[in-house]
Amino acid sequence: MKNQTTTTTTPPLHNHKLLRRATFNRLYMAVYAIALLTLFYHHSLTLFTNSLFSFSSFLLLFSDLILAFSWTCTQSFHLRPIRRHEFPENLHKQTLKEKREDDDNDNEFPPLDIFICTADPLKEPPIGVVNTALSVMAYDYKSENVSVYVSDDGGSQATLFAFMEAAKFARHWLPFCREYNVVQRCPRAFFDGDFYVNCSPEADKMKSKYENMKIRVKNAVEKGKVEEEYIDDEEIAKKDKDVSDKLMPNLIYVSREKSKIHHHRFKAGALNALVRVSATMTNAPIILTLDCDMYSNDPQTVNRALCYFLDPEIQPTLAYVQFPQIFHGLNKGDIYGSELKRVFQINPLGMDGLSGPGYVGTGCFFKRRAFFGSPSTFIQPEIPELSPVHVVRKPIESLEILELAQLMGFRYGSLVEDYYTGYLLQCEGWRSIFCNPERAAFLGDSPVTLNDILGQCKRWMIGLLDVLLSRRSPMTYGIRKLGLFTSFTYTIYAIWPLLCIPMTIYAFIPQLALLHGISIFPEISDPMFGLYIFLFVGANAKDLLDFVLEKGTLERWWNSQRIWMIYGLSSFLIGCTEYILSSLGITVPGFDVTSKLQDDELRKRYDQGSFEFGVASPMFVPIIMTAIINLISFIVGLNENQTTTTTTPPLHNHKLLHRATFNRLYMAVYATALLTLLYHHSHSLFNNSFPSFSSFLLLLSDLILAFSWTCTQSFHLRPIRRHEFPENLRKQTLKEREDDNNNESPPLDIFICTADPLKEPPIGVVSTALSVMAYDYTSENVSVYVSDDGGSQATLFAFMEAAKFARHWLPFCREYNVVQRCPQAFFDGDFYVNCSPEADRMKSMYESMKIRVENAVENGKVEEEYIDDEEMLLVFAKWNDKFTRQDHPTVIQVLLSAKKDKDVSDKLMPNLIYIAREKSKIHHHRFKAGALNALVRVSATMTNAPLILTLDCDMYSNDPQTVNRALCYFLDPEIQPTLAYVQFPQIFHGLNSGDIYYSEHKRLFQINPLGMDGLSGPNYVGTGCFFKRRAFFGSPSSLIQPEIPELSPDHVVKRPIGSSKILELAQLIGFRYGSLVEDYYTGYRLQCEGWRSIFCNPKRAAFLGDSPVTLIDILGQCKRWMIGLLDVILSRRYSTMTYGIRKLGLLMNPMFGLYIFLFVGANAKDLLDFVLEKGTLERWWNSQRMWMICGLSSFLFGCIEYTLSSLGITG
């Protein structure tokens, strides 16, 4: 029955909602805060590690600290911005019905006192103040409940006279507004705008009365007194009712007592005088304060405020309801930034989500009780009649002037009494509401000259410094009373004057540094330059977004930025100066009233968007100085950029990829999500009384995956792309290297390794060798060493045949400028031109060679019919019954010698040497690393070229210019001293459309090296890599001298290459042992020694190779890698997680939504990287699938085999 009982709920008076931008704001704060911390890390690094410490660096650091603190305070506005909506139509249905208690007059609404302050009839024309008063007297509110108090701090009889005239006009104006339901109830705005209907006789009559009043008031102001002809007693007759016989609001003129011997406390003193005068006259529980030029634009405004004051849930602690300060008559671009959208419209939304907005001095409805202590502590005034609960029973004519007090009313101690009063009220425990209806509640005038704008701002700065440096500073007292975030919303305004420090520094220091040729910012190529760009663009883009979301325009935003800079170099700076002088007793601060006088000529120029400086002022001096210095610096900088200097053309360049900034943003966001996930895991694990084993396994899995993801992000911190200019080699570096023989090219040794003629067909190895022998390079400087770890006579025979074929192939490639110089690829592809007789002849020779080689492979030996001479017979005689793959003597055969062998065009041939190193079952042959080290030592005694190219046997050259591209780096004197190797990507031809086995390994060979290149350089991938021989003999600064002098990288070979001897393998020199992944391990160890590397990825692939075409081959290869990688990570001395970090540095429910974000975020980012490097969606999908297959097969069995071998169970 209870569930079925219906209850009548009263409709709400208001509601509010969190703005959708709040989530984005918090995300932005996290990312931008990380960027700021990075900036200060860079600053401190520069400051403490730079031997040439400059004072300018310290100034910039100091400036950035102030700006960063300012930004931090500002973020409090964006943590919880809310927007409110009121329902004044529900007032009668809910709250006012409950307040009808013994009310014979049916008085539903609480009384309202309205305070309007003016001080100077010349700067604040009385007719404008009258318009403001008339607009609020005509509210849609019970007239007898409204009392308007006008404080005239100028004590002008012209102002008093103006309100006498207003009282007469009001008797006609109020009935007119009610009868015609006028919305715009400010007479001036009504008659000057579209509201005025000229065809209405009553409206014409009202306009005539208004113009008559306006003339009389203007004459009184011009003459400085009221002429006798204007003095009459008409105001006494029917003074309490209008022409429709309805009661009128109270209208009271107050000019408080002043004396030169007492401080009158400026506007705060005037408001407090009105608080006390009104307490003895009407003592309304609600007070509205208005500037004299801020007229009411909506007759429903009081009812909107009552929607909050009459809500019993918030009423006990509600001090005031603040409406935004909005200005009419701004020109299109708001050239002076008078709108102050952030202060009056954007920031209050955020403050409203905390303890409420600050008081801005106008358009604010106060609860009178708020001026008498905190919500829980009532301060009883000395005179009972001043109490907010006092009921006035005497006529208002019995007013007595009362003394001002410190603890009650509007607060003294600052020229910004509004800011200070709102701040202290909230410190006492009161809260406030920001009410911003679609139709502006109030509209005011703004200054139309720059001098007035800057003067007003300067006064604010002095007042803000009063608060900042007082014992109730928001940075100390505020934090204790309001908490960190709310206090920050007041602190940011309090430190405004101090922003002149960074603004002045940035206005002069960078420009002066430019004039003196001093670099104080990172270069464009430096990743820190991207950080500065992000900080600048990020802050301004976010500010623009906030501006536009609150119906601002791009032009007004731009002008607000400009005037902010002008403020910083004028009002802020001069305000700080005047505050210091007044604190020292040199000057006395004053309250300069901002002129509201509207000159027609000034208004015309303002509407046209022209700057009007007004009068000469010292505040313009720093602005002009800044403009002149910036202009001179700009011209000088432009002139330096246009000055041409003759420089040698570059051999290469590089640029940071645009995605780097996005990558770092993604890392910050995703890392936050990961930490949240791990917190969720641990919270579930340790707070659950019965944690499950599966929960622990999931946590362990996520920890491993999180660590894997963290390591992967190093690839994305600083990805760069390089470009080479091999055409510039002759213009720059090679000319400097010419010797007596005019030998421009440094010698090059090329190492090709093969091991099994059945799995690695010799004809393919031959094609690889021929492709590099035919490089566009001085032939006699090229030496090709073929290591046959299988010790196959078929492989040796294949290279004997290749030596013969090369004598024809190399001249053919040069003559016909063949690009594809691998014979197999040339004849099988579109390169082969069938109509060329010479090409046909070359193909016939190649096919003949291919048949002979394949027959030798099939037969397992070389038939006698293929042995041409005695020398060949002696060589093949070494293959006897004792000669096996695992146990055989050394075989070295020089097949071509650059000293004597020539091709058919009578040009010298490259060296071609076949090596089958000695093997024995009792010695470990170290796999491919052993074969490469044998080649290092053999080549050292034969040719000892300073550059070495290592190739897999199936990885043929696809570009004859590849050597020159590598030389663009090796011959650059800036990077040459520490450059160990230049790695080209491993690219495969013949992949099917979807690359179903993910043989491409795009991340490993193309994406990740871009990021490694931005750090210390890419790793060695086992093929397509040009090494500096010196890199195999210790660090860049320490040469390890080999035991045999002939092995030294500086050794000059003078003996014939046929006299080489096989030498023992060594650990410290050459390719590194200790892992099946000798390429990964060698590259890693070289970088640990201090070498760096380069990733060269030209548009035309430098090398192309074959990939496995069966799943078992793919998985077997991957399993071998896993065993080798475990060798490295678990090694005692050289683990990447210990030794590597020391040597290379570190870089090298809602929860368901979090899981979704982690999954989608990681995969979407991976797909983006894949596509940006010319991958396809299908290939990416297959790579993901293959990764899972490898993880459950190769990875798993690789770990098992490594464990078994470590225990000695398997070999």
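Modeller: Let us begin with a term: a helix is a DSSP run of H or I with at least four residues, and helices are numbered from the N terminus. Please keep in mind that this is a predicted model. Asn 131 gives a case, for this residue is found in helix H4, which comprises residues 126–137.

Biologist: Is Asn 131 buried or exposed?

Modeller: A residue counts as buried when its relative accessible area is under 20%. Asn 131 has 2% relative accessibility and therefore counts as buried.

Biologist: What does the side chain of Asn 131 reach, and which residues does Asn 131 touch?

Modeller: The side chain reaches the backbone oxygen of Ile 127 at a distance of 2.7 Å. Leaving aside residues up to four places away in sequence, Asn 131 touches Cys 186, Pro 187, Arg 188, Tyr 210 and Tyr 295.

Biologist: Where does Thr 710 lie, and what does its side chain reach?

Modeller: Thr 710 lies in helix H22, residues 693–712. Its side chain reaches the backbone oxygen of Ala 706, at 2.7 Å. Thr 710 is partly exposed, with a relative accessible area of 46%. In sequence, Thr 710 and Leu 674 are 36 residues apart, while their C-alpha atoms are 9.9 Å apart in space.

Biologist: Which residues of H37 are buried?

Modeller: They are Ser 1194, Phe 1195, Gly 1198 and Tyr 1202. Because these residues cover an arc of only 90° around the axis, they are on the same side of H37. Helix H33 (1111–1129) and helix H36 (1177–1191) are among what covers them. Just after H37, Gly 1208 takes a positive phi of about 80°.

Biologist: Which side chain is joined to that of Asp 789 by a polar contact?

Modeller: The side chain of Arg 917 is joined to that of Asp 789 by a polar contact of 2.7 Å. Asp 789 is found in the loop between strand S15 (782–788) and helix H25 (793–815), and at 7% relative accessibility counts as buried. Among the residues that Asp 789 touches are Arg 885, His 888, Lys 919 and Phe 927.

Biologist: Finally, how is empty space found?

Modeller: Rolling a probe the size of a water molecule over the atoms shows where empty space is left. Here, the second largest cavity has a volume of about 50 Å³. Its lining includes Leu 19, Phe 77, His 78 and Asp 546. Helix H1 (21–49) and helix H10 (341–352) each supply at least two residues of that lining.

Notes:
Residues are numbered from 1 along each chain as its sequence is written. This is a predicted model: local features need pLDDT of at least 70, side-chain atom pairs count only at pLDDT 80 or more; totals for chains, interfaces and linings use all residues. Side-chain values use heavy atoms; hydrogens and water are left out. Buried means under 20% relative accessible area, exposed over 50%, partly exposed in between (1.4 Å probe, protein chains only). A polar contact is a pair of N or O atoms within 3.5 Å; within protein, one must be able to donate a hydrogen and the other to accept it, and residues adjacent in sequence count only if both atoms are side-chain atoms. The arc is that of the directions from the helix axis to the C-beta atoms. Contact means heavy atoms within 4.5 Å. On a 1 Å grid over the protein atoms alone, a cavity is a set of points where a 1.4 Å probe fits but cannot get out, and a pocket is an open set with protein on both sides within 12 Å along at least five of seven lines; lining residues have an atom within 4 Å of a point. Grid points are joined across faces, edges and corners, and a volume is the space filled by probe spheres set on the points.
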